[in-house]
Amino acid sequence: MRTILKNGLIVDGTGQRGFLGSVAIEGERIVAIGDVPEQDNDVVIDVSGLVVAPGFIDTHSHSDLKVLVDPYIEPKIRQGVTTEVLGQDGISMAPLPEEYISPWRKNLAGLDGDSDIIDWHYRTTEGYLKLMERQGVGLNQSYLVPHGNVRMEALGLSNRQPSSGEISKMCDVTRREMEAGAYGLSTGLIYMPCAYSETSEIIEMCKVVAEFDGVFVVHQRSEADTILPSMAEVIEIGRRSGVKIHFSHFKVCGRKNWRYIEPVLEFLDKAEAEGIRISYDQYPYVAGSTMLGVILPPWAHDGGTDMLLKRLQDPEQRKKMIYDMEHGIPGWDDFVDFAGLDQIFVTSVKTEKNKDLVGKSLIEIGEMRGKDSYEATFDLLYEEENAVGMVDFYGKEEHVITFLTRPEQNVCTDGLLAGKPHPRVYGSFPRVLGRYVRELKVLTLEDAIRKMTSRPADVFGFERRGTIKTGYFADIVVFNPETVIDKGTFVDPIQYPEGIEYVFINGHGVIKKGIYQALLAGRVLRKSVK
């Protein structure tokens with residue numbers, strides 16, 4: 001049996017102008033495009049007035065734990081996402097040696113949450129991917145090797161530099177995980193233990209990734225005061241290792257740092273002229289989201305979450321934290337400095353005791369608890385064992401447009417799924433189509449779709465995905481170009497977008513006439529090892 005999407009505007013993902021026609025799906029694949037003859041047993045869906053595009057690829061996702069608890073990931077599918085890239089920011093699920101399960105769960109909780117119902121004894125990327133395969137996945141899932149996990153396996157969670165033997169072990173672990181099908185290496189150089197590393201350590205790991213033509217996906221050391229030396233470090237890693245560079249959630253944070261936007265763009269131009277391969281992803285909002293613990297100075301996290309909690313019990317250590325947060329540390333992105341206590345909002349906690357603080361700024365939290373804002377925040381982090389999410393406001397829309405329209409850019413969500421999340425979890429892709437294509441006209445429809453489909457597929461090396469093409473997997477989204485838009489706000493983020501009419505994943509209809517069908521239609525994708 002074939003399914004035919006009839007009379008739609010086919011925007012194939014390549015950037016070429018859309019054309020009217022039909023698309024035929026049989027099994028998992030696209031089998032015909034254009035003037036498709038109908039057969040007696042075909043299921044024919046008239047999509048006149050709608051756009052038929054490849055399924056969107058979210059290159060920065062935090063569904064790593066969620067996919068094992070609730071594998072459907074409905075908020076992503078509802079906005080047209082058919083493939084996610086997990087393993088971001090250098091801290092994720094695998095590899096995970098047995099002896100580190102307990103401290104690592106605490107370290108991971110602020111980004112990806114925690115759960116007692118999954119089996120944490122999978123050990124390696126191979127074990128983690130097989131766990132997903134056995135359970136089934138709602139959309140296609142791919143994985144990056146997280147630098148922090150590799151570092152933990154090789155030398156633990158301490159703030160120290162590795163020996164030459166330990167660097168060799170990190171390279172061996174990286175090779176093992178790449179051979180399991182990972183698409184690259186990620187790091188988050190503001191997160192522990194990644195932040196403890198020096199450039200030379202990362203270069204050696206990236207040499208291994210380059211052997212597999214993988215991608216180095218980097219949350220760089222600074223997106224604020226020291227963004228220029230931070231970018232210089234990343235570009236040097238690309239230069240000396242030969243790896244492809246992909247900057248995560250690219251931006252410049254804080255009013256006083258907006259002057260760096262033009263030099264940042266010049267950095268990209270010069271590196272690319274040199275032959276260094278660079279790309280980046282971006283979510284179309286003026287606020288970011290991560291774990292609240294990043295507002296603390298890096299030394300507070302030395303030794304992992306258990307040591308952090310001990311320091312949070314010590315009044316003298318708290319005073320030192322406040323001093324560093326108010327005066328800064330060279331090379332450290334100080335969120336309190338560039339966003340402010342009044343522009344950092346709690347999005348998730350794990351206990352009922354502090355649920356009333358979700359949606360509140362750090363200033364409001366202090367007022368509600370009758371304490372200094374710093375002290376109330378420290379109490380919150382201690383009581384929740386560091387498992388607190390946040391949103392921080394850092395920019396303005398004209399800067400979003402500047403980065404959105406660059407050729408290196410592709411769209412992402414970077415969405416944390418717990419609590420009262422950032423609205424990007426529900427709306428990044430429809431927001432680009434509704435606001436930046438239809439309303440502001442800063443992107444053409446064809447270029448926007450390319451940035452959501454073939455562009456990320458090419459960067460990460462997803463085979464037979466990202467384009468409407470005969471023989472490719474039938475990952476397809478059908479939307480109304482006149483109504484598509486995100487609906488979530490920072491006050492009320494949990495709202496599905498409008499205008500997404502049909503979504504197919506590997507040929508299975510998971511949204512039909514706007515109605516979600518709970519199917520495990522995805523695949524666990526593995527990069528082919530040549």
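**Rings, strands and a helix face**

A: Both Tyr122 and Tyr128 are buried, where buried means under 20% relative accessible area, exposed over 50% and partly exposed in between, with a 1.4 Å probe and protein chains only. This is a predicted model, in which local features need pLDDT of at least 70 and side-chain atom pairs count only at pLDDT 80 or more, while totals for chains, interfaces and linings use all residues. Residues are numbered from 1 along each chain as its sequence is written, and side-chain values use heavy atoms, with hydrogens and water left out.

Q: Which parts does the pair of Tyr128 and Tyr143 tie together?

A: Helices (H or I, at least four residues) and strands (E, at least two) are DSSP runs, numbered from the N terminus. Tyr128 lies in helix α4 (residues 125–135) and Tyr143 in strand β8 (residues 140–143), so the pair ties together parts that are 15 residues apart in sequence. Tyr128 has a relative accessible area of 0% and is buried, and Tyr143, with a relative accessible area of 1%, is buried.

Q: What is the order of the strands in the open sheet of six strands?

A: Two strands pair if DSSP finds at least two bridges between them. The order of this open sheet is β9-β10-β11-β12-β13-β17, with parallel pairing. Its edge strands are β9 (145–146) and β17, each of which pairs on one side only.

Q: Which way do the residues of strand β12 point?

A: In strand β12 (residues 244–247), Lys244 and His246 point one way and Ile245 and Phe247 the other way, and all are buried. On one side, four bridges join β12 to strand β11 (residues 215–219) in a parallel arrangement, with Phe216 standing opposite Ile245. The chain crosses from β11 through helix α8 (residues 227–241) to β12, and this β-α-β crossover is right-handed, a term for a path from the first strand over the helix to the second that runs clockwise when the strands point away from the viewer.

Q: How many bridges join β12 to strand β13?

A: Three bridges join β12 to strand β13 (residues 278–282), and the two run parallel; the bridge partner of His246 in β13 is Ser279. β12, helix α9 (residues 261–273) and β13 make a right-handed β-α-β unit. Three bridges also join β13 to β17, which run parallel, and in β17 the bridge partner of Tyr280 is Gln409. Tyr280 returns in an aromatic cluster that it forms with Phe247, Phe250 and Phe403.

Q: Why do the buried residues of helix α15 line one face of the helix?

A: An α-helix has 3.6 residues a turn, so residues three or four places apart point the same way. In helix α15 (residues 397–404) the buried residues are His399, Val400, Phe403 and Leu404. Seen down the axis of α15, these buried residues fall within an arc of 135°, so they line one face of the helix, the arc being that of the directions from the helix axis to the C-beta atoms. They pack against α9, β13, β17 (409–411), α16 (424–439) and α17 (445–452), where contact means heavy atoms within 4.5 Å.

Q: Is Thr453 buried or exposed?

A: Thr453, found in the loop between α17 and α18 (454–460), is buried, with a relative accessible area of 0%. Not counting residues up to four places away in sequence, Thr453 touches Gly13, Pro54, Gly55, Phe56, Ile57 and Gly466.

How values were computed. Rings of Phe, Tyr and Trp (its six-membered ring) pair if their centres lie within 6.5 Å; planes under 30 degrees apart count as stacked, over 60 as edge-to-face and the rest as tilted.
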